[in-house]
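Biologist: Please put the model on the screen. I have some questions about it.

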Amino acid sequence: MTSHTVRAPRRSLGVAIAAAGLLSTLLATAAPAAASPDPGDALPGVGSARNAAPAQGRELAPGEIPGQDEIVHSRNIKPLANIPSANPEGINSDLAFQGKYAYAGSYDGFTIYDIGNPKAPKTVTTVLCPGGQNDISVSGDLLFLSTDSSRSDDSCNSVSQPATEKSSWEGIKIFDIKDKKNPKYIKSVETACGSHTHTLVPGGRDIYLYVSSYSPSEAFPDCKPPHDGISVVKVPKKAPTKASVVAFPVLFPDGGNPGGPANPGVSKTTGCHDITVLPSKDLAAGACMGDGILFDISKPEQPRVIDRVQDNVNFAFWHSATFNERANKVVFTDELGGGSGATCNAATGPDRGADGIYDITGRGDQRKLVFKSYFKIPRLQADTENCVAHNGSLIPVGGGRDVMVQAWYQGGISVWDFTDSTRPREIAYFERGPLTTDALGLGGSWSAYYYNGHIYSNDIVKGLDVLRIDDWRTESAKRVRMDGLNVQTQPEYH
């Protein structure tokens, strides 16, 4: 197993072109075992020239759509820095944090940033290891990447290969990141139907990864139906090269949501897309295509479903989940259009492609998810902008209030308050105008997370953005300092 490491501050043109070629091959020819609704099959849009200097913008007028590539934001948001993408033709994905470092996944591999000075972040290392979508998490000296595109082998030199071939590989890659300038690829674990996302579940001697994947086919030797659960990977902390799949708990013994034609426009449940765990409460929330679930993880190898809900009116694809601080609410996202559609327009309306806010009622095994309302950004987007609810995190304001920041692809970044589950409202925003004005383009914020006083966004095309919010409703969060953050492993902040 080998990886290619490119160190800051320069990246050779040859390496960039090679990476772009690999990604183009991935996008054009891959036949993933888990056909993704995320925008892996769309091509990135092309915007104006990129600038590493902090970008300043203006506030939008009601109903206004900004000009092409124009930066706009609310008065309480201040853009501090942007590091342009190393490969503007690639696709940037998720983020994780540890100490003064941010780890950014991409379809090319991953990049480590030094964010010790948020106003002047620096690229430390870029590791080339192609494979969609390279969902990322970190723990100690270990970094985990998800591969959910069918590859010729488990190396970082692999090429796209049809999932119909038995020799094809998908799953988890593990890197040793003790030396931030020179990460080492140390282990791979193949998982059924690949690894679209994974969630780190901390333990004593071991780390567990809940691997989410979906869309099986009788034609795929390593991903045949039924695929009604998740893979559990056990990683011994002192011997990570012994990592292996130890369980495949079935979460949907009845097969889950049947999708269409019974439920038109709803994804059939054939696995999960993403899981958020709350280890302090032994709870997890699963966003599983046509179903949302709440489950008990007191026995990490045997997660147990407590409650399950569906929304066959307005939800098309249950994408991700976020608990509030008191663990009595869950925000689920709906990735209508797979992340590549223009769904933040008047034609789609306010309830589809939105967040669903659910209260958790009852105790123990009697806990229930109770729907309260939808939230969608109030700013309409152009028909050339891919926009839908995507990855976000809590802003740890405490005091019984619920505020989170969230990515909406080309809808930008939204900070919104859901303290009243029935009346959520946006309190801040940052966005760029359309990448293109003549055709639907792919871009915008994939993930927007709050970490140690700042908002970090991994923009699909534009790279790493650093923002600061100055608002009385979020000021208390600046006093919360953390050693690290994998957003899908939700901490106790206070």
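Below, we go through the chain by question and answer.

Modeller: One note before we start: this is a predicted model, where local features need pLDDT of at least 70, side-chain atom pairs count only at pLDDT 80 or more, and totals for chains, interfaces and linings use all residues. Residues are numbered from 1 along each chain as its sequence is written, and side-chain values use heavy atoms, leaving out hydrogens and water.

Biologist: How many strands does the chain have?

Modeller: Helices (H or I, at least four residues) and strands (E, at least two) are DSSP runs, numbered from the N terminus. The chain has one helix. Its strands number 31.

Biologist: What percentage of the residues count as buried?

Modeller: Buried means under 20% relative accessible area, exposed over 50%, and partly exposed in between, with a 1.4 Å probe and protein chains only. The chain has 494 residues. The buried share is 63%.

Biologist: Why is strand 17 largely enclosed by the rest of the structure?

Modeller: Look at residues 283–288, which form strand 17. On one side sit L283, A285 and A287, and on the other A284, G286 and C288. Both faces are covered. Strand 17 is largely enclosed because six of its six residues are buried.

Biologist: Which residue is the bridge partner of I275 in strand 17?

Modeller: Two strands pair if DSSP finds at least two bridges between them. Strand 16 (residues 274–278) and strand 17 pair in the antiparallel sense, over five bridges. I275 has as its partner G286.

Biologist: Is D465 buried or exposed?

Modeller: D465 lies in strand 30 (residues 463–469). Its relative accessible area is 3%, so D465 counts as buried.

Biologist: Which side chain does D465 join in a polar contact of 2.9 Å?

Modeller: A polar contact is a pair of N or O atoms within 3.5 Å; within protein, one must be able to donate a hydrogen and the other to accept it, and residues adjacent in sequence count only if both atoms are side-chain atoms. Contact in general means heavy atoms within 4.5 Å. D465 touches several residues, including F430 and Y456. Its polar contact of 2.9 Å is with R432.

How values were computed
Lists of a residue's contacts leave out its neighbours within four places in sequence.
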